[in-house]
Amino acid sequence: MADDSIAVVDLDRCQPDRCNYECANYCPPNRTGKECIVTREERHGDDTYEGDPDQVSISEDICLGESCGICVVKCPFDALEIINLPQELDEEPVHRYGENAFALYGLPAPQDGQVTGILGPNGIGKTTAVRILADEITPNLGDPSVDPDWDAVIDEYRGTELQNYLEGVQADDVTVARKPQYVDKIPDQFDGNTRQLLESVDERGVMADLVERLSIGPVVDQAIDTLSGGELQRVALAATLARDADFYFLDEITPYLDIGQRVTAARLIRELAEDGDRSMLVVEHDLAVLDLLADSLNVAYGEPGAFGVITPPKSTRQGINQYLSGYLENENMRIRPEAIEFERHAPRSSYQGEALATYPDLTMSYGEDEFTLDVEAGEIRENEVLGVVGPNGIGKSTFAKLLAGRLEPTEGELDTRLDISYKPQYVDIDQPMRVDAFLASITDQFGSSYWETEIANPLQLGQIMEQNLTDLSGGERQRVAIAACLSKDADLYLLDEPSAHLDVEQRVLATRAIRRYTENHDATAMVIDHDIYMIDLLSDRLMVFDGEPAVRGETSPPVGMREGMNRFLSNLDITFRRDQRTSRPRINKPGSQLDREQKNAGEYYYAPADDDEE
């Protein structure tokens, strides 16, 4: 195989006990007597190797590359990939996880006193890069057969920005702190309450300030294993920023947080970088937040699960726009066949349609001194997408459960004769069955060209159909849950936080799938989400929730996008504008001229001149 190709074997998919080694039997080099595709035991004998000894190993020296690809086509389980690397990629891997396994090319260089962002799809190596820089992984420079050696790594980066940083980390002259990607695993690693956790890491004496800024005072004496996802995320951020470190690595700060909490976290990170001359490296999928907090941006691209490339830093605006366009100008590299576009159907001044459902004044109380939600009478219209926004703990999911008939109001009567397909906020799929069997049990349309075109393809389900539900990642579970919701026959499709755990491309594809499904089937959807991009792309009207989180919530009838977003964003004290090149929403820098002008005009949701339809 040429140096610009790699072979990848997915050991979770390779099932030698269920096939006839079609990959090896049809491999052209094998048919001439060469050992290109053999079992791992045949390749290595009694040596240590990863996986089942009967699983296959591909010799990248012998393989003919992607121009052949016969083994990929013949494998009945889609376990093999032969991939041509970009011709512009002239460097060796930083790290490879094993034989025929994922390879990472390039590392971001933390910048003193700045916030550096990393943007890219899931499964592309962003977390691997962070763990290398945090000294949790010693890179093997692309050769998994040798013992990793930091001296060799430092020598590889001699003369670059990374040399001094890596030498400092190894000499303990540079200290690091890292917030993990999956905060829901923290209760498995710490047995105690929030106060005990924060006090154990409060090296800067800032615990009280962080508790106040991140609004986690109500849970400081609660056990860690009783916290919600949003509470865990804020506690994890506080625990990381409380450490006295030179470099902070923050792996996804927005999951489970509402928009206000995201903006607060972004402002806190920026302040620490600017005031304390500390360096931050943030991995994030929320473009609005990334745009707000990052000084520069590294774009990550490649083939998820196979290889990833991290570019040198770009300006934040340039990096986001190039990522969305699918073309990296400095690298002369196309990373996606089509651009991610932001269709400017929103904001609409109004959406006219017949009422699908009306609801009266409602009250839902969970008990004395417990949370209470007051709902003012309103209607949901036919063939619309109704966006729902508001802080965490304000009653959005409670209202969804009332509509879905999963809760009974304490005051008022609700007609629940509508057929509602409901995707809950937290996706808990624990059935021991395959994805294809699960979805086939939901709809008779499973596998039809209509279902594939409308649901499966936009949600990128093809590669996970044969996996078990219990083995799926958070993002994969989310896409399956969205597909299951849209696959049912219903009057109203109710989706609670469909953007959670999805990367930028997956969010746009999911948004497009929901929007087009409602348009093509004259269907109605209600979408609760904290991603302002998804709400902006999807919604015809908006329902705004307000109140005091965890104490009381209230909401008035749905309104037009401009009125609703102005009401919502004014509470957060942030303004948006559209990027002139891509039409994507961008948060104005606090205190900037445009921010002040829009606030003075009462236009928090874009200046009117930014919109085509106003």
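Helices (H or I, at least four residues) and strands (E, at least two) are DSSP runs, numbered from the N terminus. The model here is a predicted one, so local features need pLDDT of at least 70 and side-chain atom pairs count only at pLDDT 80 or more, while totals for chains, interfaces and linings use all residues. Residues are numbered from 1 along each chain as its sequence is written, and side-chain values use heavy atoms, with hydrogens and water left out.

The protein chain splits into domain 1 (5-84), domain 2 (95-175 + 245-334), domain 3 (355-560) and domain 4 (573-613), with bounds that come from an automatic or database domain assignment. Taken over C-alpha atoms, the centres of domain 3 and domain 4 are 28 Å apart.

Next comes a pocket, meaning an open set of points on a 1 Å grid over the protein atoms alone, where a 1.4 Å probe fits and protein lies on both sides within 12 Å along at least five of seven lines; lining residues have an atom within 4 Å of a point. The second largest pocket has a volume of about 1100 Å³, a volume being the space filled by probe spheres set on the points. Its lining counts 42 residues, and Asn392, Gly393, Ile394, Pro549 and Ala550 are the closest to the centre. Domain 2 and domain 3 both give residues to this lining, so the pocket sits between them. Elements that each supply at least two lining residues include α12 (259-276) and β24 (541-548).

Two loop residues stand out for their backbone angles. Most residues other than glycine have a negative phi. Glu252, though not a glycine, has a positive phi of about 65°. Glu252 turns up in the loop between β9 (247-251) and α12, and is buried at 8% relative accessibility (buried means under 20% relative accessible area, exposed over 50%, partly exposed in between, with a 1.4 Å probe and protein chains only). Leu141 isn't a glycine either, yet has a positive phi of about 55°. Leu141 belongs to the loop between α5 (126-133) and α6 (150-156) and is partly exposed at 25%.

Gly308, in strand β12 (residues 307-310), is buried, with 0% relative accessibility. Gly308 and Ala103 are 205 residues apart in sequence, but their C-alpha atoms are 6.5 Å apart in space. Beyond neighbours within four places in sequence, the contacts of Gly308 (heavy atoms within 4.5 Å) include Phe102, Ile124 and Tyr301.
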